Amino acid sequence: MFRDAPHFDVRDYLRQEMMPHFLCPGCGHGMALRALLWALHELKVDRDKLAVVSGIGCAGRLSAYIDANTFHTTHGRPLAYATGLALARPDLQVVVITGDGDCLAIGGNHLIHACRRNLKLTCLMLNNEIYGMTGGQVSPTTSETRLTTTTPHGNAEPNFDACALATAAGAGFVGREMTRHVPKLKELIKDGLQHPGFAFIEVLSDCTEVYGRKNDMGSSSEMVLRQKSEMRPSAYRDSVDEPFRSTDLPTGILARNTRPEYGAALRAAK
Amino acid sequence: MNAIDRSHAKPAAKLLSGNAACAQGAIDAGCTFFAGYPITPSSEIAERLSTLLPKAGGVFVQMEDEIAAMAAVIGASMGGVKALTATSGPGFSLKQENIGYAAGAEIPCVIVNVMRGGPSTGMPTRPSQADIFQTRYGSHGDYPIIVLAPASAREIYDETIRAFDLAEICRTPVVLLYDQVIAQSSETVSLGGRPPVHATRKWASGSREGYKPYAAGDDLVPPMPRPGDGYRTHTTGLTHSETGFPSQDPETVTRNLGRLYAKLEKHRDLIDSFEAVRCEDADVVIVAIGISARAARRAVDTCRAEGKKVGLFRPITLWPFPEIALREATKHARAVLVPELNIGQLRLEIERLLRDRRVEGLHLISGEPITPAEIAAAATKLASEV
């Protein structure tokens, strides 16, 4: 338990009948989930009005553990499902949980348009740099030269900077935090949940089993400690403005604007 | 026949295209959400609904692609509203994975597919009837689906409303399938007053303790939990138990998939719809849908005027196929003729159902409709041979 959360017991927010969860020991996704639930707790979000939409993969499975209205949809499409849900039910607080492959590869198109559209949604992208559930294949965020089951000679592709992408696409709120700083991550998620438009939050997670092990990255704690120094996106770094050009990985709130929220704009236009 | 009573409708003639009739039908059925992506020859449905829906308190959204449009429709329906998307061949292909999700997770929705020739981008502005099997078997895995194949603007209006009714009653995706000629030709249509909404969704009620979202009663259709009502359920495309949570238990998986098929069989009285014209004494029965059926209707008149005993069986419900009605309509027929704008899709189904009968196809894949004269000639030839 964290000292600053005396009244928060994560078990109150989890479906106990679904325990034990399926995450591997050392997986960062559990910490990301904890931070989300903690943020929901502190904001006193009514879970009868909370809808969590997830895609496919390790991150996609997390929705099933949350005691709320949860929807485990198709690979890459949770943002599109959530768009329909949020437009049909503006009274719901809609949260999307997606992984790096789900969100940036198969679902990349939906991400950029969700950012552009600026519908009130909170998107948590858990970035563990790998396709974990399918056995450790390369993802759009796998760092260059890393070994995966589909890059046996080392990853030759530059990896995405998801936050730069979301910012360029017009997301109303963009933030990044690491599972090594759960209280900070919780605060960032709280900010995102309260943002009146589309909020994109990248969570740097870790996959010890099919990524860390293959690349000799050590234990989960060692992987978490490496997060900031090693998970630097390379793609487009030289072509974008600060803060994305920095050699250091920027975290916290990276972009925030107050463009009109899409659902309200739609409902106002007749 | 269709058991839903439409006798309240008062005539009010309008010149409408099939696509316009579809948009109006959706509004009158209580649809309040449309997500789509432009594609010929279906785009007029989206265009018209972009005007009509906001006025009706609904939402129109043009999504970034066909897959997103289908996903958004399912998302909206999960939220509790009646939702529609409309597309054509290539777009329909892209929607298939999510259509399977809607079938498996039992999310009501309506998908219009205005057929165009294929494969691939094919002939965007030409009629085709080559998606008959794709509507039934397009997504992966085993799943049942309802497909309605109207043949006129007025019927598109009625069948659009019926599609929403069936989607809600059976908790399943329903496909409305028609061709470019029907979609884009304008006809004088009497719509009458706004029909009452026949089917509203059966929502979960009662105790939240121990609630099982996929536990079905006698009608085999489980009431749906509405987000916000406190049930806090889980919906997934994975095989699931009555709790809604993933399961790979062989017995559970078998029972749930079996129920999906059985629930449609249980509602066949509502689902089955067809038209049989002069089949009672027919030596040759023509089986056709859409624009081919309208040409066949004329061919029947031509043949009858010449003393040939020819009839027409037109399935309005295409899947599940109204096979009992087909067998009844062809009881005395010695041969069956299937004219269609493809290389032989409906014919395959008729051959399967009428294995003891001679079944001939008349197939045109040039991007033109089959003419009444061509069908009459083929029927006359067949009548002389049997």
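**Notes on the predicted model**

1. Let's start with Asn19(B): this residue is buried, at a relative accessible area of 0%. Keep in mind that we're looking at a predicted model here. As for where Asn19(B) sits, look in helix H1 of chain B, which covers residues 18-28.

2. Which residues does Asn19(B) touch, leaving aside those up to four places away in sequence? Its contacts are Pro41(B), Ser42(B), Glu44(B) and Ile45(B), plus Val114(B), Tyr178(B), Ala183(B) and Gln184(B). Glu251(B) is another matter: 232 residues along the chain from Asn19(B), with 44 Å between the two C-alpha atoms.

3. Next, a helix pair in chain B. H10 (residues 290-305) packs with H13 (residues 372-385) at an angle of about 55 degrees, and the axes are 8 Å apart. That angle makes H10(B) oblique to H13(B). The handedness of the crossing between H10(B) and H13(B) is right-handed.

4. Who meets whom there? On the H10(B) side you'll find Ser292(B), Ala295(B), Ala296(B), Arg298(B), Ala299(B), Thr302(B) and Cys303(B); on the H13(B) side, Pro372(B), Ile375(B), Ala376(B), Ala379(B) and Thr380(B).

5. An unreviewed UniProt entry annotates residues 60-203 of chain A as "domain: Thiamine pyrophosphate enzyme TPP-binding".

Key: Residues numbered from 1 in each chain as written. Chains lettered and ligands numbered in written order. Predicted model: local features only at pLDDT ≥ 70, side-chain atom pairs only at ≥ 80, totals over all residues. Heavy atoms only, no water. Axes fitted to C-alpha atoms, helices over the stretch in contact; angles between N-to-C directions. Helix = DSSP H or I, 4+ residues; strand = E, 2+ residues; numbered from the N terminus. Parallel < 35°, antiparallel > 145°, perpendicular 65-115°, else oblique. Left-handed = near helix turned anticlockwise from the far one by under 90°. Contact = heavy atoms within 4.5 Å. UniProt positions renumbered as here; feature names shortened; annotations may be inferred. Buried < 20%, exposed > 50% of the residue type's maximum accessible area, 1.4 Å probe, protein only.
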